[in-house]
Amino acid sequence: MSSTARELSSGSSSFAVPGKLAVLACPPALCPHLEFAVSGALSAPVSLTWTAQPGRPGFLYAGLEWRASPGTAGRLAAVLRRLGHVTFEAVEGPSPGCDAERYSFTPDLGLHRAAIAANGDVVVGEGALLALMERGEARETLSRGLHRLLGTAWDDVLEPLRRGAHGAPVTWLRRTG
């Protein structure tokens, strides 16, 4: 555990999953509001370590890792998207009967949710593929639909910010809720 690590133990969860929040770009004025929102979603006090985001001058980056009840990433995504001008990703590991998932948000594109495999690949379900094939008559339509399901537009925007955040401090929470 790093020197910025914190241990929290609140409540007793029968099953905890690992998760990670990467706030890839946040205006400095929103940082306290974001910490308050994250604290509420995790039911635990959170104080993040903020660093400059070289991929977006004037914005800050922070990271948080946790072990908490399944659904935590979705709760965080729902709360943080309401802040509007924040770019983030929340990833949650698998739990019994549930795939791992990633929520990506940019102010311009909105929220994208994807199931992810153990190697980080996006997993597209059979139902989504069947619906796409039924709607798309042309190859171009099918290609656009697949890119939407995979979250390609989000990855295109987020990748430069992900690279800029390497080496930034991460706050660790042991258990919440």
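Biologist: What covers the buried residues of H2?
Modeller: Helices (DSSP runs of H or I, at least four residues) and strands (runs of E, at least two) are numbered from the N terminus. Buried means under 20% relative accessible area, exposed means over 50%, and partly exposed lies in between (1.4 Å probe, protein chains only). Contact means heavy atoms within 4.5 Å. The cover over the buried residues of H2 includes E1 (17-26), H1, E3 (60-68), E4 (87-92), E5 (100-106) and E6 (110-116).

Biologist: From which number are the residues counted along each chain?
Modeller: This is a predicted model: local features need pLDDT of at least 70, side-chain atom pairs count only at pLDDT 80 or more, and totals for chains, interfaces and linings use all residues.

Biologist: How many helices and strands does the chain have?
Modeller: Reading along the sequence gives β-α-β-β-α-β-β-β-β-α-α-α-β. Of the 177 residues in the chain, 42% are buried. Among contacts between residues at least 6 apart in sequence, 66% join residues at least 24 apart. The secondary structure comes to five helices and eight strands.

Biologist: Which residues of H2 are buried?
Modeller: H2 spans residues 72-81. Its cover includes H1 and several strands, E4 and E5 among them. The buried residues are Thr-72, Ala-73, Gly-74, Leu-76, Ala-77 and Leu-80.

Biologist: At what angle do the axes of H1 and H2 cross?
Modeller: Each axis is a line fitted to C-alpha atoms, for helices over the stretch in contact. Angles run from 0 to 180 degrees between N-to-C directions. The two axes come within 9 Å, and the crossing angle is roughly 145°.

Biologist: How do the residues of this H1 and H2 contact divide by type?
Modeller: H1 brings Leu-34, Ala-37, Val-38, Ala-41 and Leu-42, while H2 brings Thr-72, Arg-75, Leu-76, Val-79 and Leu-80. Ala, Val, Leu, Ile, Met, Phe, Trp, Tyr, Cys and Pro count as nonpolar, Asp, Glu, Lys and Arg as charged, and the others, Gly among them, as polar. The division is eight nonpolar, one polar and one charged.

Biologist: Why does Glu-35 count as buried?
Modeller: Glu-35 lies in H1 (residues 31-42). Leaving aside neighbours within four places in sequence, Glu-35 is in contact with Val-46, Ser-47, Leu-48 and Trp-50. Its side chain reaches the backbone nitrogen of Leu-48 at 3.1 Å. Glu-35 counts as buried because its relative accessible area is 16%.

Biologist: How far is Ser-39 from Leu-76 in space, C-alpha to C-alpha?
Modeller: Ser-39 is another buried residue, at 17% relative accessible area, and lies in H1. Beyond four places in sequence, Ser-39 contacts Ala-44, Pro-45 and Val-46. Ser-39 and Leu-76 are 37 residues apart in sequence, and their C-alpha separation is 9.5 Å.

Biologist: Which side chain makes a polar contact of 2.8 Å with that of Arg-162?
Modeller: Arg-162 lies in H5 (residues 152-164) and is buried at 18%. Not counting residues up to four places away, it touches Leu-24, Glu-89, Arg-102 and Asp-155. A polar contact is a pair of N or O atoms within 3.5 Å; within protein, one must be able to donate a hydrogen and the other to accept it, and residues adjacent in sequence count only if both atoms are side-chain atoms. The partner at 2.8 Å is Asp-155.

Biologist: In E5, which residue is the bridge partner of Ala-90?
Modeller: Five of the six residues of E4 are buried, so E4 is largely enclosed by the rest of the structure. Two strands pair if DSSP finds at least two bridges between them. The E5 partner of Ala-90 is Tyr-103.

Biologist: How many bridges join E5 to E6?
Modeller: E6 is mostly covered, with five of its seven residues buried. E5 and E6 form a hairpin with three residues between them. Phe-105 has Leu-111 in E6 as its bridge partner. The two strands run antiparallel, and the number of bridges is seven.

Biologist: What is the phi of Gly-120 in the turn between E6 and E7?
Modeller: E6 pairs antiparallel with E7 (residues 122-123) over two bridges. Ile-116 has Val-122 in E7 as its bridge partner. Five residues separate the strands of this hairpin, and Gly-120 has a positive phi of about 95°.

Terms used: Residues are numbered from 1 along each chain as its sequence is written. Side-chain values use heavy atoms; hydrogens and water are left out.
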